[in-house]
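Please open the model in a viewer and keep the selection panel at hand. The stops below proceed from one selection to the next.

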Amino acid sequence: MRDHKVSVAEAIKNSYDPYYIKHPLNCELLLNSDNAKKHKASSITYQELVKQVDEYEQKRLTTK
């Protein structure tokens, strides 16, 4: 199952930028059983996600 690292529920609650929440780097594959254990929790912080996405996009833009 595909799941969000930073949960959508947390993103809505904290008005996080949708750009980061919908970015492919915010997705991970989990077994259904692991996803059920996680429930609405995030596996990384929003700040970590922003850093990862910004670094990825910067590298992507500089290698074109």
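A residue is called buried under 20% relative accessible area, exposed over 50%, and partly exposed in between, with a 1.4 Å probe and protein chains only. By that scale Tyr-20, at 12% relative accessibility, counts as buried. The model is predicted, so local features need pLDDT of at least 70 and side-chain atom pairs count only at pLDDT 80 or more, while totals for chains, interfaces and linings use all residues. Residues are numbered from 1 along each chain as its sequence is written, and side-chain values use heavy atoms, with hydrogens and water left out.

Helices (H or I, at least four residues) and strands (E, at least two) are DSSP runs, numbered from the N terminus. In soluble globular proteins, nonpolar side chains tend to be buried together.

**Second selection: the aromatic residues**

Rings of Phe, Tyr and Trp (its six-membered ring) pair if their centres lie within 6.5 Å; planes under 30 degrees apart count as stacked, over 60 as edge-to-face and the rest as tilted. The count comes to three aromatic pairs. In the stacked pair of Tyr-16 and Tyr-46, the rings are 3.9 Å centre to centre, with 5 degrees between the planes. Tyr-16 sits in the loop between α1 (8-14) and α2, and Tyr-46 in helix α4, 30 residues apart. Both Tyr-16 and Tyr-46 are buried.

Next, display Tyr-19 with Tyr-20: the ring centres are 5.0 Å apart and the planes are at 85 degrees, so this pair is edge-to-face. Tyr-19 is partly exposed at 38% relative accessibility. Tyr-16, Tyr-19, Tyr-20 and Tyr-46 form one aromatic cluster.

What does Tyr-46 touch, not counting residues up to four places away in sequence? With contact meaning heavy atoms within 4.5 Å, the partners are Val-6, Tyr-16, Asp-17, Tyr-20 and Ile-21.

Asp-3 lies in strand β1 (residues 2-4) and is buried, with a relative accessible area of 13%. Not counting residues up to four places away in sequence, Asp-3 touches Asn-26, Cys-27, Glu-28, Leu-30, Asn-35 and Lys-38.
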